Amino acid sequence: MGQMKRTLLRFENIQQVMGDDRLSVILLTDEARQRALSIICDEQTTQQFLLRMQSPTYSKTLLPEALVQMLPFQYEMMIYGVHDGQYQVVLADTEFKRSVRIRMSDAVLLSLFSNYPLYIEESLMQRQCIPFDENAKGVAIPINTMDSRRLHIALEKAIDEENYELASQLRDEIKRRS
């Protein structure tokens with residue numbers, strides 16, 4: 001996928017979001033496990049992750065896994081940007097003759113069961129990552145990847161807690177998207 005500098009990501013874990021059992025956070029790290037990237041994941045995709053993690057033998061016979069085995073080419077995925085709170089990801093054959101955009105959580109899921117590599121453009125990784133701590137109790141989610149509803153909830157909470165610096169950042173992100 002071009003000659004840009006990129007970082008290979010690996011799936012680290014998936015954790016439920018406190019206070020919202022319909023969402024989870026996927027944590028990805030670089031190969032050295034020094035930097036981490038967090039992604040919001042919906043309930044249906046979370047179930048797909050859990051199925052594959054808890055029953056790897058059974059999941060090998062599922063349709064997506066069977067289709068990946070039948071594909072004649074090798075594929076890879078690249079995260080190349082963030083737009084309106086969503087990571088922008090492309091799935092392409094390694095010669096980049098065919099490509100299609102896919103959801104970020106689906107890209108991570110596909111990478112998990114297919115061994116298709118998932119890369120992120122390096123400058124984007126630098127902007128979005130946090131230091132990785134495998135003993136951390138929680139995970140930070142970049143403001144620019146939060147949906148509008150979650151931004152407004154976080155803004156109200158920041159104001160209630162008198163965290164005006166965070167409130168200002170959240171307000172600026174909401175304005176930027178308007």
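Predicted model: local features only at pLDDT ≥ 70, side-chain atom pairs only at ≥ 80, totals over all residues.

Trainee: OK, strand 7 to start. Which way do its side chains point?

Mentor: Strand 7 covers residues 118–121. L118 and I120 point one way, Y119 and E121 the other way, and all of them are buried.

Trainee: And which way does strand 1 run against strand 7, parallel or antiparallel?

Mentor: Antiparallel, with four bridges joining strand 1 (residues 6–17) to strand 7. For instance, T7 has I120 as its bridge partner there.

Trainee: How many bridges does strand 7 share with strand 4?

Mentor: Three, and that pairing with strand 4 (residues 75–83) is parallel. M77 is bridged to L118 in strand 7.

Trainee: Switching to rings. How many aromatic pairs are there?

Mentor: Two. F11 and F49 are stacked, with 5.4 Å centre to centre and 20° between the planes. That pair links distant parts of the chain, F11 in strand 1 and F49 in helix 1 (residues 43–54), 38 residues apart.

Trainee: Why does F49 count as buried?

Mentor: Because its relative accessibility is 0%, and buried means under 20%.

Trainee: What about Y75 and Y116, how do they pair?

Mentor: They're tilted: 5.6 Å centre to centre, 50° between the planes. Y75 sits in strand 4 and Y116 in the loop between helix 4 and strand 7, 41 residues apart. Y75 is buried at 13% relative accessible area, and Y116 is buried at 4%.

Trainee: Now charges. What does R6 do with the ring of Y119?

Mentor: The charged end of R6 sits over that ring, 3.7 Å from its centre. R6 also forms a salt bridge with E76, with the closest N and O atoms 2.9 Å apart. R6 is in strand 1 and E76 in strand 4, so this pair ties together parts 70 residues apart in sequence.

Trainee: Are those two ends buried or exposed?

Mentor: R6 is partly exposed, at 29% relative accessible area, while E76 is buried, at 7%.

Trainee: How many salt bridges does the structure hold?

Mentor: Twelve. One of them is R52 with E65, at 2.5 Å from N to O. R52 lies in helix 1 and E65 in helix 3 (residues 63–70), so parts 13 residues apart in sequence are tied together. R52 counts as buried at 7% relative accessibility, and E65 counts as buried at 6%.

Trainee: Which residues are joined into a network?

Mentor: R10, E12, R33 and E134, through salt bridges that share partners.

Note on methods
Residues numbered from 1 in each chain as written. Heavy atoms only, no water. Buried < 20%, exposed > 50% of the residue type's maximum accessible area, 1.4 Å probe, protein only. Helix = DSSP H or I, 4+ residues; strand = E, 2+ residues; numbered from the N terminus. Pairing = 2+ DSSP bridges. Phe/Tyr/Trp six-rings, centres within 6.5 Å; stacked < 30°, edge-to-face > 60°. Lys NZ or Arg CZ within 6 Å of the ring centre and 35° of its normal. Salt bridge = Lys/Arg side-chain N within 4 Å of Asp/Glu carboxyl O.
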